[in-house]
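Please open the model in your viewer and keep the selection tool at hand.

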Amino acid sequence: MTSLPAKAGRRCHNAVNPLHSALYFAPDLARELAPYGIEDPSAVYFAGRAAALGRVGPGVVTATFHNFHHTLVARHLPAVWELAAPETVLAARLRAADSMLRRLLGEEAVASEEMAEAAGLALRAAEGCVRPGRPLYAALADLPVPEAPHLALWHGASLLREHRGDAHVAVLQHAGLDPVEALVSHTASGRGMSPRWALATRGWDRRDWEEAQERLRGRGLLDGDGELTEAGTALRKGLEEETDRLDAAPYEHLGAAGTERLTELCGAFTGAALTSGAFPADLFGKG
C-alpha cells in the first residue's frame with residue numbers, strides 16, 4: 001500500500017469514467033440492440049448496464065442503480081430479456097464499445113501504444129477492487145477481459161466506474177438522501193445532470209423534483225432559490241470525500257505513479273472523446 005496525493009483517485013476516476021459512460025449516450029448501443037427489438041432509450045440503457053447481472057428483475061436494478069423510479073425500471077425489466085438474453089446484450093455492448101471508441105478517438109489512438117498502456121494500468125488498478133457490497137462491480141468482474149487493448153481499457157473503466165458507484169450508493173444511503181434528493185442536491189452543486197436530463201431519463205416528474213427540494217430545504221441543505229446552503233455544500237463535499245475513502249483501494253494498489261499516468265493517458269482520450277461530441281452539450285448544469 002502507498003499513500004496517494006489528495007484526491008488522486010477522484011481525479012483518475014474523472015479521467016477514466018467518461019470512456020465507459022459515453023456508451024450510454026452514444027448511438028452505437030441502440031444500433032446494436034435495435035435488431036432484437038430493444039429500441040426504447042430506457043430499455044437500451046437498462047439492458048446494456050444490467051446485462052452483467054444476468055436475467056434480473058426490476059427490484060435488483062432499482063436497488064443497484066439507485067436513482068431511477070422503480071416504475072420506469074419495471075416497464076422494461078424483465079421483459080427486455082425476452083427480446084435478447086443477457087449474454088446477447090453483453091456481446092452487443094462490446095461491439096458498440098468498439099465502434100464508439102473508434103468513432104470518438106480515431107483508429108490511430110485505438111491502435112496506439114498509449115491505449116495498450118492505459119488498458120494495462122486500468123486493469124492493474126481493478127485488481128485492487130473488492131466485491132463485497134458492490135453488486136455492479138462484482139458482476140462485471142466475473143466477465144472475461146477483452147483481448148483488444150481499447151476494449152480492455154473500456155472494460156477496466158467499467159470496473160473502476162461501478163466500483164466507485166456502488167460505494168457512492170452506500171454513502172448516499174448513510175447520508176439519508178433518497179434517489180430524488182441525491183439527484184437534486186447533485187444538480188444544485190453544479191456538477192450533476194441538468195433537471196431536464198434527470199427528469200427525462202430517471203422516471204421522476206417535476207412534482208417529485210419539487211417535493212425533494214422542499215425536503216432538502218427542511219433539512220437546511222437547500223435555500224429558497226434551489227441553491228445549496230453552506231450545510232448543503234458541506235454535505236456534498238463530504239459525500240465525495242467518503243466515496244473517495246471507500247474507493248481508494250484500486251488506486252492504492254496501482255500506486256501514485258501508476259495512478260498519475262493512468263489519469264494522464266485517459267485524460268487525453270477523454271478530452272478527444274469530448275471534442276468529438278461524446279456527451280450532449282446540455283447534459284450537465286443547473287438549468
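Contact here means heavy atoms within 4.5 Å. This is a predicted model, in which local features need pLDDT of at least 70, side-chain atom pairs count only at pLDDT 80 or more, and totals for chains, interfaces and linings use all residues. Residues are numbered from 1 along each chain as its sequence is written, and side-chain values use heavy atoms, with hydrogens and water left out.

Select helix 12 and helix 14 (residues 206-218); helices are DSSP runs of H or I, at least four residues, numbered from the N terminus. Val180, Glu181, Leu183, Val184, Ser185 and Thr187 of helix 12 touch Asp208, Trp209, Ala212, Gln213, Arg215 and Leu216 of helix 14. The axes, lines fitted to C-alpha atoms over the stretch in contact, lie 9 Å apart at an angle of about 80 degrees. The two helices are therefore roughly perpendicular, a label for angles of 65 to 115 degrees.

Next, select helix 15 (residues 230-246). Its buried residues (under 20% relative accessible area, 1.4 Å probe, protein chains only) are Gly232, Arg236, Leu239, Thr243 and Asp244. Seen down the helix axis, they fall within an arc of 135 degrees, taken from the directions from the axis to the C-beta atoms, so they line one face of helix 15. Glu230 and Arg245, on the other side, are exposed (over 50%). Cover for the buried residues includes helix 1 (8-21), helix 11 (149-175) and helix 12 (179-188).

Last, select helix 4 (residues 58-65), where Pro58, Val61, Thr62, Thr64 and Phe65 are buried. Among the elements covering them are helix 3 (41-50), helix 5 (70-76), helix 10 (135-141) and helix 11. His66 follows helix 4, with a positive phi near 75 degrees.

Definitions and conventions
The expected span of a helix is 1.5 Å times one less than its number of residues. Axes are lines fitted to C-alpha atoms, for helices over the stretch in contact, and angles run from 0 to 180 degrees between N-to-C directions. Angles under 35 degrees count as roughly parallel, over 145 as roughly antiparallel, 65 to 115 as roughly perpendicular and the rest as oblique.
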